[in-house]
Amino acid sequence: MLRKLLFVVLVLATVLSLGKTKLAFWQFMMDDALAKEVLAGFAKEYPDIEVEVVQLSWSTGFDKIVTAIAAGAAPDVVELGNTWVASFASKNVLLEMHPEDLAKYKNFPGANCAEYMGKYYGYPWLLGTRAMFYNVDLMIKAGLDPDKPPETWSELLEAVKKISALPGVYGIGLPAGEVYSPWQEWFLLAIWGNGGDVVSKDLKKAVLNSPQNRETALFYQELSKYALKSKQKDLGEAFGEGRVGFLVSGAWSIGTLAQSYPNLNYGVCLIPKPDKPEGIHASFLGGEVLAIPSQCKNVDAARKLINYLMRPQVAMIITKHYPGVYPADPRAASDPWFEDNPLHLVFFEQLKTAFPVPPTPAWPKIEDILTNVVDDLIVRYKSVDEVLSYYNEQIQRVLDEVK
């Protein structure tokens, strides 16, 4: 009798399983335990959809996605780094965002992460950005009010000069001599804040030598006179040791400072903006984008999964495990977690004026050029006009290669 009962249960389970829609979800952020926690609510809400979660590694994930698409075996939903979207979208292997979803998410911070040539190919899921750290004790010693950290370029320059006058201290840390950080922490952000860019809106023309960028480069070069210039890791240690007044960095530094320099008295503020009325507190936007490959055969179910993951209370589960990535949904600001973690709330606020890199497949080569731009400006102190003119030609050459 017991065997018959078990057999019936097994048959029913098999029948129910066969009746389910199965989704393959490839992602980077969640291990098995976190994925189970995040998707528990989805399983209750959509018992007819079964999600198979695969965690990719950042070292091999991109190639695995490319290989799967080439083999016609793409997952139904895939997490992409925001700088990858243009590459995939340009090859027509992603579906455009459904109009209903576009209306819902188009104005979210980070929606531009998924934009390519005026169309949207993904959903901004989790976002990260940069803000400015400041040493409270150094500001006091320099006669500055730590309750009013610099909001504009001129205020920052004045504060940096005063702090650098203290013995053994630099006013600010500016990254140099390595990839990524020289333009991510802070040069390119300053360009955006001043209304400039490095590539035209149609992604065809280099605009590095614009008047706005010349103004920015002159400011950056002046600021560098009072700066410790080194790799980001070295600058982080110098800030923790109290040898640097200001430092632009990501939210990961909050955890690093708490662990390595628990007694450091510091704050976090928005990145200063140009003094002109149209200047903005621009920052760099990195993000995790959820996309539906064009090979997906369960688009409706895939959209249900993505819309579930986009909910602020769901995305906040991941934030609480990995502080430094935040939901794109602005409603997440009301989550009580931010009351206990006010420094992270500054980063969440900074997301409103954060921008992704231009969505061109040529970007990996352009970012290498920008590293050289910063080094020539602040390490070698070359002429601003010569630097911008020379590298503008380099960027144009790269853009012409991808036409």
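In the predicted model, Phe-25 stands opposite Val-77 of strand β3, a strand that covers residues 77-81 and pairs in the parallel sense, over two bridges, with strand β1 (residues 21-27). Strands (E, at least two residues) and helices (H or I, at least four residues) are DSSP runs numbered from the N terminus, and two strands are taken to pair if DSSP finds at least two bridges between them. With strand β11 (residues 283-291), β3 pairs in the antiparallel sense over four bridges, and here Glu-79 stands opposite Leu-290 in β11.

Five of the five residues of β3 are buried, so the strand is largely enclosed by the rest of the structure; buried denotes under 20% relative accessible area, exposed over 50% and partly exposed in between, with a 1.4 Å probe and protein chains only. In a regular strand the side chains alternate between the two faces of the sheet. Both faces of β3 are covered, with Val-77, Glu-79 and Gly-81 buried on one side and Val-78 and Leu-80 buried on the other.

Thr-319, placed in helix α13 (residues 312-321), is likewise buried, with a relative accessible area of 0%. Its side chain reaches the backbone oxygen of Val-325 at 2.7 Å. Apart from neighbours within four places in sequence, Thr-319 is in contact (heavy atoms within 4.5 Å) with Val-325, Tyr-326, Pro-327 and Trp-337.

Residues are numbered from 1 along each chain as its sequence is written, and side-chain values use heavy atoms, with hydrogens and water left out. As the model is predicted, local features need pLDDT of at least 70 and side-chain atom pairs count only at pLDDT 80 or more, whereas totals for chains, interfaces and linings use all residues.

Note on methods
A polar contact is a pair of N or O atoms within 3.5 Å; within protein, one must be able to donate a hydrogen and the other to accept it, and residues adjacent in sequence count only if both atoms are side-chain atoms.
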